[in-house]
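This briefing is intended for a reader who meets the structure for the first time. Please keep the sequence and the model in view while reading.

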Amino acid sequence: MMDNNKLTDFELQEKEPSASETILVIDDSPTNLEVLHDTLVNAGYEVLVEMDGFSAIEQVKTNSPDLILLDIMMPKIDGYETCRRLKNDPRTRNVPIIFITALSETLDKVKGLKLGAVDYITKPFQQEEIIARIQVHLQLRKLNLELDSQKQLLEQRVQERTAELSEAFEELKRVQLQLVQSEKISSLGQLVAGVAHEVNNPIGFISTNLYHANQYVQDLINLIQLYQAQFPSPGDDIQEYIAVMDLGHVLQDLPKLLSSMKLGSERIRGIMQSLRSFSRADGVKKKPANIHEGIETTLMILQHRLKAQIHRPMIQVVKDYGDIPPVLCYPGLLNQVFMNLLANAIDALEESFLISNLSLENKLQLIKNENGEMIEPQILISTILEEENVVIYIADNGRGIAKSVQNQIFQAYFTTKPEGKGTGLGLSISYQIITEKHGGTLDCVSAPGEGTKFIIKIPLNG
Ligand SMILES: Nc1ncnc2c1ncn2[C@@H]1O[C@H](COP(=O)(O)OP(=O)(O)O)[C@@H](O)[C@H]1O
Ligand SMILES: [Mg+2]
């Protein structure tokens, strides 16, 4: 009774099998093939038949069925071997295989299932049973395929999300970095601007007073000279004093002394001016600025680092400025870029001179070009207008950059400098300033031992 009910269920389902499902029947007995063929066609399936394992394997390669019915006892290769080969081929691995076996062969059924078959049907055939089993496995296969594609979709989504997240994380790191850096710079800028302002007044007194002092000293010198002309013999005491104080020298030296004080105070003024313009806060909008002024200001601030040291000669700065109109930009940010690139160039030149423990003379011997001429540590700054872009080259003849790290130098926190000296932030921030803030490009050309060149390109009109 129960069995009958089941059969009825299957019969009901049997009325609507999916039209496109294809079943391959592999059997060497024409009688079996015929029975199976008719049964399956009647049930609405597409049916392919093969009479031996080899041709079946070939057939399946080009024409993959949804399910295979496979006889065990066949000439050439038997059903087990056919099954093994189908399961080894990634193209056919997932096609469900149902063995056809004689009722008695219990052990063999187990062998078939172990080889990867999903089920078996027994001869002589019970049509309803065949259809029922086939339907179950086709359904299972459909669900499996769906599951697979869902899984793939899910994996893809997970991958996409992971990529999105890591991108967002990188962005967050960059923004954070920029915030910290601009915070630092703006507070440093405020400090510098404050100091410059405070120094400005006293230095103003000094230079105005120096002007008057100079006048007075000139008058006094004239007066002394008049006295000397009018009273050539002023008496022993005065003669002696003149000799001891070395009046001649004082009269000569005093004006020189004053003019060097004047020069000094003018330098201070200049430096303060540079500091103020270097540290000026950029507004939210770009404004036209003189690029060369920015470079000069930066050089002024770095002046002390260019001077000769015990271990190396002075760093020459060679400038080749083109005719550049005002550039629409954030001048304070650009100064930061110049500062980073120039400081790196100086560091690289320093490192070239620290390559060994040789004396300065011997090191200078090392740094020669192919003509035997000594190569001086040098930074070359040139600017040129190229169509609507301003191009700024900052090159040094320092140690250069190893090929292996050239693609890392713009990454945040990448540094080859000892702790405390390098932060690894200079270039990554410069890169952001040039590309994101100014819509330009920042490139680097370098070879170890042949120096380094950075190329900044920004649009003239923002
Ligand atoms: N002009 C240069 N010559 C040689 N190496 C350079 C030069 N500019 C940058 N580099 C390399 O790029 C790295 C990253 O530079 P940067 O981002 O400014 O960080 P930091 O100067 O703090 O190390 C440096 O550590 C250095 O190895
Ligand atoms: Mg740096």
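The points below go from the whole chain to the ligand and then to selected residues.

This is a predicted model, in which local features need pLDDT of at least 70, side-chain atom pairs count only at pLDDT 80 or more, and totals for chains, interfaces and linings use all residues. Residues are numbered from 1 along each chain as its sequence is written, chains are lettered from A and ligands numbered from 1 in the order in which they are written, and side-chain values use heavy atoms, with hydrogens and water left out.

**The chain as a whole**

- The protein chain has 12 helices and 12 strands; helices (H or I, at least four residues) and strands (E, at least two) are DSSP runs, numbered from the N terminus.
- The chain holds 462 residues, of which 36% are buried; buried means under 20% relative accessible area, exposed over 50%, and partly exposed in between (1.4 Å probe, protein chains only).
- Its accessible surface is about 27900 Å², and carbon and sulfur atoms account for 56% of that; accessible areas come from the Shrake-Rupley method with a 1.4 Å probe, and for residues only the protein chains shown count as cover.
- When contacts between residues at least 6 apart in sequence are considered, 68% of them join residues at least 24 apart; a contact means heavy atoms within 4.5 Å.

- The shell around ligand 1 comprises 20 residues, and Thr415, Thr416, Lys417, Thr423 and Leu427 come nearest; a residue is near a molecule or strand if one of its heavy atoms lies within 4 Å of it.
- By residue type, the shell divides into 8 nonpolar, 9 polar and 3 charged residues; Ala, Val, Leu, Ile, Met, Phe, Trp, Tyr, Cys and Pro count as nonpolar, Asp, Glu, Lys and Arg as charged, and the others, Gly among them, as polar.
- At least two shell residues each come from helix H10 (331–353), helix H12 (426–437) and strand E12 (452–459), and H10 gives the most, with 3 residues.
- Oxygen atoms of ligand 1 take part in polar contacts, which are pairs of N or O atoms within 3.5 Å; within protein, one must be able to donate a hydrogen and the other to accept it, and residues adjacent in sequence count only if both atoms are side-chain atoms.
- A polar side-chain atom of Arg399 lies 3.4 Å from a ligand 1 oxygen, a backbone N or O atom of Gly424 is 2.8 Å from an oxygen of ligand 1, and a polar backbone atom of Leu427 is 2.8 Å from an oxygen of ligand 1.
- Taken alone, ligand 1 exposes 530 Å², and the protein buries 96% of that area.

- Strand E11 (residues 441–446) runs antiparallel to E12, and 6 bridges join the two; two strands pair if DSSP finds at least two bridges between them.
- Leu442 has Ile456 in E12 as its bridge partner.
- The hairpin has 5 residues between its strands, and Gly449 takes a positive phi near 80° there.

**Backbone features in loops**

- The peptide bond from Lys123 to Pro124 is cis, with omega near -5°, and Pro124 lies in the loop between strand E5 (119–123) and helix H6 (127–230).
- Lys76, a residue other than glycine, has a positive phi near 55°; Lys76 sits in the loop between strand E3 (67–71) and helix H4 (79–88) and is exposed, at 66% relative accessible area.
- Tyr413 is not a glycine either, yet has a positive phi of about 70°; Tyr413 belongs to the loop between strand E10 (389–396) and H12 and is exposed, at 54% relative accessibility.

- Val318 and Leu380 are 62 residues apart in sequence, with 4.8 Å between their C-alpha atoms.
- Ala117 and Phe99 are 18 residues apart in sequence and 6.9 Å apart from C-alpha to C-alpha.
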